[in-house]
Amino acid sequence: KVKSSRRHTRTTDTATGPCAMLLTALMMLAAVAAAVAAIDKLEVIVDHKPEKCTRLAKKGDRMGMHYTGTLLDSGKKFDSSLDRGTPFTFKLGMGQVIKGWDQGLLDICVGEKRTLKIPAALGYGARGAGSVIPPNADLKFEVECLSINDEKTEL
């Protein structure tokens, strides 16, 4: 006698089953979370580096910079030294600027251009900055180093 082995398969309507509904909800939640996920570390992109770089910026250097700052998620500009026509000056690594700048501008050369993508924790954090930078905002700065300790680029 040969036994018949029949497999009994059960089909479920994946569109309406409770597990499918839960899975769909979790996938939607994950998609929303990914869309608004904050960056978790500083990203430094070198957009232009001069052929000759004889001096790298270090902690304590007096920096002269042009910059444009935008909100990373929307691209909305919140500040720019270019609009004022005056370079921004500060001492690097001394806490005079946000941590993302103190870290992201180390070893920059005069004439170098960088894009800094700064997580909120290295920017203005949960407090934000007035009405222009909301709490927990990730930031993007396009920067150009004009001088280090008043030494300017050679033309």
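What we have here is a predicted model, in which local features need pLDDT of at least 70 and side-chain atom pairs count only at pLDDT 80 or more, while totals for chains, interfaces and linings use all residues. Residues are numbered from 1 along each chain as its sequence is written, and side-chain values use heavy atoms, with hydrogens and water left out.

Let me start with strand 2, residues 62-71, where nine of the 10 residues are buried, so that the strand is largely enclosed by the rest of the structure. Strands here are DSSP runs of E with at least two residues, helices are runs of H or I with at least four, and both are numbered from the N terminus.

Next, the pairing, where two strands count as paired if DSSP finds at least two bridges between them. Strand 2 runs antiparallel to strand 6 and is joined to it by nine bridges, with Tyr 67 having Val 143 as its bridge partner in strand 6. Strand 4, residues 88-91, is also antiparallel to strand 2, through four bridges, and there Arg 62 stands opposite Lys 91. With strand 3, residues 77-80, strand 2 pairs in the antiparallel sense over three bridges, and Gly 69 has Asp 79 as its bridge partner in strand 3. The hairpin of these two strands has five residues between them, and Gly 75 in that hairpin takes a positive phi near 80°.

Now to one side chain within strand 2, that of His 66. His 66 is buried, with a relative accessible area of 14%. Its side chain makes a polar contact with the side chain of Ser 81 at 2.8 Å, a polar contact being a pair of N or O atoms within 3.5 Å where, within protein, one must be able to donate a hydrogen and the other to accept it, and where residues adjacent in sequence count only if both atoms are side-chain atoms. If we take contact as heavy atoms within 4.5 Å, and leave aside neighbours within four places in sequence, His 66 is in contact with residues including Ser 81, Pro 87, Glu 142 and Val 143.

Finally, two loop residues deserve a mention. Asp 107, in the loop between helix 3 (99-104) and strand 5 (113-118), has a positive phi of about 65° although it is not a glycine, and at 43% relative accessibility it counts as partly exposed. Asn 136, in the loop between strand 5 and strand 6 (139-148), is likewise not a glycine and has a positive phi, near 60°.

Methods. Buried < 20%, exposed > 50% of the residue type's maximum accessible area, 1.4 Å probe, protein only.
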